Amino acid sequence: MSCVDPATEVINTAVAAMARRFDPDQECPPHAGGSTEVRFLPGADGFPVWATIHDDRCDPLLWVRVVQRYRSTPTEFPAVVEESVQRCATGAFNVLEIAVGVTRCSVMDTDIQHVDWATIADEAAASLDDSWRVQQALCDIRLLQSKSRAVNTANVACAGPEGGYITWAGVAQVQIAKG
């Protein structure tokens, strides 16, 4: 018996995908700067705002988190199936649902005395670029799919700028290899 949770492979794949897509040294770097530091965060939602602020600059916070673990079947995936002893023995498999995302500071929820449309336009361009990179990271996670492993990815959605931060996040459901 292995003492390593087989879900670790999914998390490691997601962390690598986010680091690759937001690498500031790649041929097409992120519009508003990037990072290869990806945080594995606990909890299903929310983010630690303090983690993005360093000496009056606001670096992107790249993150991966587990949303839930559940069971499904080949005919019902990615839907959750009712748990029962019978389902455990009749072909239901374990699924890990994860979220991946990026959080950046925004001027749109600060004490605005005047509107700086150029800054807002630049944030919009950075936000569009971030959404594309999160979507590409989800495509990288889909590469885990095989004849014996189901993978599903969902839409990439935005949260903010309430609180002075914009987050783009997407969700993937991945069948966990037996272990």
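## Ground rules

Contact here means heavy atoms within 4.5 Å. Helices (H or I, at least four residues) and strands (E, at least two) are DSSP runs, numbered from the N terminus. This is a predicted model, so to speak of local features we need pLDDT of at least 70, while side-chain atom pairs count only at pLDDT 80 or more and totals for chains, interfaces and linings use all residues. Residues are numbered from 1 along each chain as its sequence is written, and side-chain values use heavy atoms, with hydrogens and water left out.

## The chain at a glance

The chain has three helices and seven strands, and along the sequence they come in the pattern α-β-β-β-β-α-β-α-β-β. Of its 179 residues, 39% are buried (under 20% relative accessible area, with exposed over 50% and partly exposed in between, using a 1.4 Å probe and protein chains only).

Take the contacts with a separation of 6 or more: 64% of them join residues 24 or more positions apart. The accessible surface is about 10,200 Å², and carbon and sulfur atoms hold 55% of it; the areas come from the Shrake-Rupley method with a 1.4 Å probe.

## The sheet

Five strands make an open, mixed sheet in the order β1-β4-β5-β7-β6 (two strands pair if DSSP finds at least two bridges between them). β1 (38-41) and β6 (151-159) sit at the edges with a single partner strand each, so one side of each has no neighbour in the sheet. From one strand to the next the twist averages 20°; angles run from 0 to 180 degrees between N-to-C directions, with axes as lines fitted to C-alpha atoms, for helices over the stretch in contact.

β5 pairs antiparallel with β4 over 11 bridges, and 11 bridges also join β5 to β7, again antiparallel. Thr-103 of β5 is a handy landmark: Thr-103 is the bridge partner of Leu-61 and stands opposite Thr-167 in β7. β5 is mostly covered, with 11 of its 13 residues buried.

α1 has 15 residues and reaches 22 Å from first C-alpha to last, close to the expected 21 Å (1.5 Å times one less than its number of residues). Its buried residues are Ala-7, Val-10, Ile-11, Ala-14, Ala-17, Met-18 and Ala-19. What covers them includes β1, β4, β5, α3 and β7.

## Two cores

A nonpolar core is a set of buried Ala, Val, Leu, Ile, Met, Phe, Trp, Tyr and Cys residues joined through side-chain atoms within 4.5 Å. The largest one has 26 residues, and Met-18, Ile-98, Val-100 and Ile-141 touch the most other members. α1, β4, β5, α3 and β7 each give two or more residues to this core, with α1 giving the most, at seven.

Leaving out residues up to four places away in sequence, Met-18 touches Val-38, Leu-62, Trp-63, Val-64, Val-100, Gly-101, Val-102, Val-134 and Ala-137. There's also a second, separate core of five residues, including Tyr-70, Phe-77, Phe-93 and Ala-150.
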